[in-house]
Amino acid sequence: MTVWPLKFRSLADGSLLFADDAGGFFRASEDFLDRYAKGTLSQADCRFLGSGGHSFQQVGDLDYTAFAYRWSARQSKAADINYLMLVPTLRCNLACSYCQVSRADERAVGYDWTPETLDAVLTYLSGLTSDRIKIEFQGGEPLLRVDLLEEVRRFCRERFAHAEFVVCTNLQRLGPAEWTFLDAADTFVSTSLDGDPATHRRQRTETAGITETFFANLREAVGRLGSGRVSALPTIDVQNPPTMEAVIEAFTAYGIRSIYLRPINYQGFARSRHAARHIAEKWNDYYGAFIDLLIDRNAEEDEPLEEFYFVHCLRRIFKGGLDGHVNIRNPDFLARDYLLIDFDGRFYPTDEARMMTRVGQIDLSIGSVFSGLDREKISALNENATNSFDPDCIHCPYQAYCGVDLIDEISREGRIDLPKPLTDFCRRHTFIFDKIFALIYSRDPKVRRSLALWLGIPDFPDLLAPVHA
């Protein structure tokens, strides 16, 4: 019998978590580790490892093939471009303190698509090979140029068999034209809701009148479109965060049960206005307490609450192929199935990459709609777009569930060769997976109720938390 390589990590209760490269895991004691390291596994060890898919008898047998299948399901698959972030204007009618885009003033000139840029964008769209497209309109405030949004949507509806649109808007100025655009069934709204009105005003809207306009428009959007077509994300200043209860109440008041917590990013204006470079420890404290609060509330309420990213990571542990969130897919090859086109027609691999270019930190543009993609630059970026060979990641039991974020490392550290445990990305994700596995092996009925709700199953059985005595 051959055992697939096992990586391990101490759990809070003193036992050890073991995991293989395909994401199979179990809890065991240091005695098992000793036998595994010395090659003195008992018959009971061998039976347990075999039943859990952690070993095989010979190359090509069923156990070997099953492991290979599970491993391959953990690798994100290359696909044609089917997701585009478009920035028709960089102008904005707000001046948020934590703006990570470095937006332009609403009255500024030269920050919108020109007619030539629009034509080039549509020409690029016409050349895509996918029959499906998702367009995310970013800004600035994209609804300042609803006419450009209309042109893109009209073209995509004719060009693609299936098209979906998301407008990332501050919901500050909506007239008949804007509401008509948002009313369409294939169009969704994404906005920022930073918690209670006082926090939202401090971070975004600044005056009572503008704040009330936002909340009135948010109520109107949920009422017209339904909570299923409106998503709202809070941006948390860990140096001065809102109470967790205030965040939850702000979202549930609008029927929003999935909350995606985000710390202030180390991008754009936020680099100079907020202490956001190294925030992992403070963020983990807030984030972990927020998850605990959700678990307590879910034990008492009929309608469950979730933190979107935590639940996404939880589901990735139990199922491969959940690669919709690009920051944690592996490998995360840039410019493969998603791209951003900025207000000047330049291509970027991610939204964060254009922010870094905007503040002059580093030019991460990868061509333009006029000159095409810079394949050489893309290849250089993609040389390290996987955790599969990283000298730290290969020893981590969370490797199969985790990913890499080169853009974030460049932003915070100015380099991509820092040992992973020293990066904010690693520290935050290690905390998340530590927290998840602590919950998986918890016997608390409240915890198991939330895990079942988040996984979409009737209850959370013991077999999902394997233990080798």
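Mentor: Cys-168 has a relative accessibility of 16% and counts as buried; buried means under 20% relative accessible area, exposed over 50%, and partly exposed in between, with a 1.4 Å probe and protein chains only. This is a predicted model, in which local features need pLDDT of at least 70 and side-chain atom pairs count only at pLDDT 80 or more, while totals for chains, interfaces and linings use all residues. Residues are numbered from 1 along each chain as its sequence is written, and side-chain values use heavy atoms, with hydrogens and water left out.

The closest cysteine sulfur to that of Cys-168 is in Cys-92, at 12 Å, which is too far for a bond. Cys-92 is also buried, at 12% relative accessibility. A disulfide is a pair of cysteine sulfur atoms within 2.5 Å, and by this rule the count is zero.

Aromatic pairs number 29 in the structure. Rings of Phe, Tyr and Trp (its six-membered ring) pair if their centres lie within 6.5 Å; planes under 30 degrees apart count as stacked, over 60 as edge-to-face and the rest as tilted. Phe-25 and Tyr-441 have ring centres 6.4 Å apart and planes at 85°, so they are edge-to-face. Phe-25 is in strand S4 (residues 25-28) and Tyr-441 in the loop between helix H16 (424-440) and helix H17 (445-455), so the pair ties together parts 416 residues apart in sequence. Helices (H or I, at least four residues) and strands (E, at least two) are DSSP runs, numbered from the N terminus. Phe-25 is buried at 8% relative accessible area, and Tyr-441 is buried at 11%. Phe-56 and Tyr-64 make another edge-to-face pair, with centres 5.0 Å apart and planes at 80°. Phe-56 is buried at 8%, whereas Tyr-64 is partly exposed at 27%.

Phe-25 and Tyr-441 also belong to one aromatic cluster, whose members include Phe-318, Phe-433 and Phe-437. Helix H12 (residues 308-318) packs against H16 at an angle of about 65°, with the axes 10 Å apart. Axes are lines fitted to C-alpha atoms, for helices over the stretch in contact, and angles run from 0 to 180 degrees between N-to-C directions. H12 and H16 are therefore roughly perpendicular; angles under 35 degrees count as roughly parallel, over 145 as roughly antiparallel, 65 to 115 as roughly perpendicular and the rest as oblique.
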